[in-house]
Amino acid sequence: MIKRISAAYAIFLGSDLIISWFIIGMVLREHLTWHEWGQILAINLVIALIEMVGAVRILHVRELKITAMTRKVQGMLRNEEPAHILLKKTDEYYALTMAINQLQTHQQKLLRAKAQQGEELKLLLSYLPIGVMVIDNYRKVELANPAMAELLQTPISSHRHPFVQDIQQFELVALINKVFEDKTTRRQVITLPGMPTEKRVEATVVYTSTSEDFFQILVLLYDITEISTVEQMQMDFLTNASHELKTPVTAINGFAETLLAGAKNDPATLDQFLNIIQQESQQLSELVQDILSLSRIESQSVTQHDLTSVNLADLVDDQLAVLQQLAGVKQVTLHNEVPADSQVTTDQKKMVEVLKKFVVQRD
């Protein structure tokens, strides 16, 4: 500011000296006395002093406006909200201050929108059932949601830190390192250790790049433990169903062939075989219904039993009569060695399935 004042004062002083030179020439030509000449010079110096004071005042006001605008811009850079600068429309800095005020308003809108998007993203990630982790190009964690911490069974710090502090499962670490090396998105099913049971997850590691020098790795973990369990249950069900279907189909076919071969001429044998065929047909119908509805898989965790008191020896005799045809084909002899007075409390249908499955497997 002192330099600006000195420069302005020098300009005023120079112009006054030029004017004084012309006045002195006029005084000499008019033959004025030295006293009169001194008065004129004094008046000129007073005018120069007044001009200097005015210049200082003008420069000071300008300096205050420039300082205010500078502080406002610096505050905007620090994401602060300094007050608007208000000037008259006739002021030389009016257009500049209005542009700065409008820039600040626009910046505040952008910052509020960014903050709102950030909060919405945090809220979305906090309720997202998929584990999410963002790793920067320095292999440090920038962001992770609660689902990721739950799947990894470790607390994840909100501060930037190496991802290997959180991820210690070898397959997953190797998968992430491969993406860092070849910069290609990869996917793999991985088993994560955990308590009380391990988890099966589908790990997707996505490579994203915004420029040549900056990229990020997005790790997504989707828990497929329940899906894998259901798939295994379906496979087990189909395997068991194939064994259970074999018995009634074989029995029905065997007894039907025996009847067609001449046993139908004996009324007692006819009635016995027809009852067995009817029972096995009913059992076969129930098995088919189970296959169509997959009711067993859906009810594995809440299986209900119809418990009754059953004479085990009589139940075994009934099943031996059904299985004689299958045993004859396989040249196997079946004997009931269960004591006649064996009374048990069980689900009769389930017990029949167990007996048939045992015989088929042994066969």
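**Note on the predicted model**

1. Of the protein chain's 363 residues, 28% count as buried. The model is predicted. Its chain exposes about 24,400 Å². Carbon and sulfur atoms supply 59% of that area.

2. The secondary structure comes to 10 helices and eight strands. Among contacts in the protein chain with a separation of 6 or more, 53% join residues 24 or more positions apart.

3. The largest nonpolar core has 24 residues. Ile-176, Ile-217, Val-219 and Leu-221 touch the most other members. Two or more residues each come from strand S1 (131–136), helix H4 (146–152), helix H5 (170–182), strand S4 (186–192), strand S5 (199–209) and strand S6 (215–223). H5 gives the largest share, six residues. In soluble globular proteins, nonpolar side chains tend to be buried together.

4. Which residues does Leu-221 touch, leaving aside those up to four places away in sequence? The list is Ile-130, Gly-131, Met-148, Leu-151, Leu-152, Leu-172, Leu-192, Val-201, Glu-202 and Ala-203.

5. Another core lies apart from the largest one. This second set has eight residues, among them Ala-251, Phe-255, Ile-277 and Val-322.

6. Helix H3 runs over residues 94–127, 34 residues in total. Its end C-alpha atoms are 50 Å apart.

7. Which residues of H3 are buried? They are Thr-97, Ile-100, Asn-101, Gln-104, Gln-108 and Leu-125. Here, buried means under 20% relative accessible area.

Definitions and conventions: Residues numbered from 1 in each chain as written. Predicted model: local features only at pLDDT ≥ 70, side-chain atom pairs only at ≥ 80, totals over all residues. Heavy atoms only, no water. Core = buried A, V, L, I, M, F, W, Y, C linked by side-chain atoms within 4.5 Å. Buried < 20%, exposed > 50% of the residue type's maximum accessible area, 1.4 Å probe, protein only. Helix = DSSP H or I, 4+ residues; strand = E, 2+ residues; numbered from the N terminus. Contact = heavy atoms within 4.5 Å. Expected span 1.5 Å × (residues − 1). Areas by Shrake-Rupley, 256 points an atom, 1.4 Å probe, with all protein chains shown as cover.
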